[in-house]
Amino acid sequence: MNRTLILIGLIIIAMGLLWPWLSRLPFGQLPGDIAVRRENFSFFFPVTTMILVSVVLSALMWLFNR
């Protein structure tokens with residue numbers, strides 16, 4: 001459990017340091033992401049982005065648990 005918490009902390013720190021470059025990636029604007037914009041209402045549901053992040057995290061967890 002300690003090893004997992006340290007790994008998660010290091011990942012969060014790395015993402016924080018790399019945020020200026022990560023924010024330029026097209027995540028949240030992928031085909032399949034649902035975005036509804038009306039006059040007084042906006043709704044955003046990143047379906048494709050969530051699936052992509054889930055696949056990447058699952059692959060990373062599989063690699064670390066081998």
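## Elements and overall form

Helices here are DSSP runs of H or I with at least four residues, strands are DSSP runs of E with at least two, and both are numbered from the N terminus. The model described is a predicted one. By that definition the protein has three helices and two strands. Read from the N terminus on, the elements follow the order α-α-β-β-α. The radius of gyration is 16 Å, well over the 11 Å that the globule rule gives for 66 residues, so the protein is more spread out than a compact globule.

Along the principal axes, the C-alpha atoms fill a box of roughly 50 × 25 × 20 Å.

## Surface and burial

What share of the 66 residues counts as buried? The share is 3%, where buried means under 20% relative accessible area. The protein exposes about 6100 Å², and 70% of that area is supplied by carbon and sulfur atoms.

The loop between α2 (19–22) and β1 (34–37) contains Pro-31. Is Pro-31 buried or exposed? Its relative accessible area is 71%, so Pro-31 is exposed, the cut-off for that class being over 50%. In sequence, Pro-31 and Thr-48 are 17 residues apart; in space, their C-alpha atoms are 7.0 Å apart.

A hairpin of four residues joins β1 to β2. The two strands, β1 and β2 (residues 42–45), pair in the antiparallel sense over four bridges. Across the pair, Ala-35 stands opposite Phe-44 in β2, and Val-36 stands opposite Phe-43 in β2.

Rings pair if their centres lie within 6.5 Å, and planes under 30 degrees apart count as stacked. By this rule the count comes to one aromatic pair. The rings of Phe-43 and Phe-45 have centres 6.5 Å apart and planes at 10°, so this pair is stacked. In a regular strand, side chains alternate between the two faces of the sheet. Phe-43 has 40% relative accessibility and therefore counts as partly exposed. Phe-45, with a relative accessible area of 37%, is also partly exposed.

Which residues form a nonpolar patch on the surface? They are Leu-52, Val-53, Val-56, Leu-57, Leu-60, Trp-62, Leu-63 and Phe-64, and together they have about 740 Å² of accessible area. Patches are made of residues with over 30% relative accessible area and no salt bridge, and nonpolar side chains are joined within 5 Å.

Two of the members can be looked at one by one. Leu-52 is found in helix α3 and has a relative accessible area of 36%, so Leu-52 is partly exposed.

Terms used
Residues numbered from 1 in each chain as written. Predicted model: local features only at pLDDT ≥ 70, side-chain atom pairs only at ≥ 80, totals over all residues. Heavy atoms only, no water. Phe/Tyr/Trp six-rings, centres within 6.5 Å; stacked < 30°, edge-to-face > 60°. Buried < 20%, exposed > 50% of the residue type's maximum accessible area, 1.4 Å probe, protein only. Rg over C-alpha atoms; globule rule 2.2 N^0.38 Å. Areas by Shrake-Rupley, 256 points an atom, 1.4 Å probe, with all protein chains shown as cover. Patch = residues over 30% accessible without salt bridge, like charges linked within 9 Å, V, L, I, M, F, W, Y side chains within 5 Å. Salt bridge = Lys/Arg side-chain N within 4 Å of Asp/Glu carboxyl O. Pairing = 2+ DSSP bridges.
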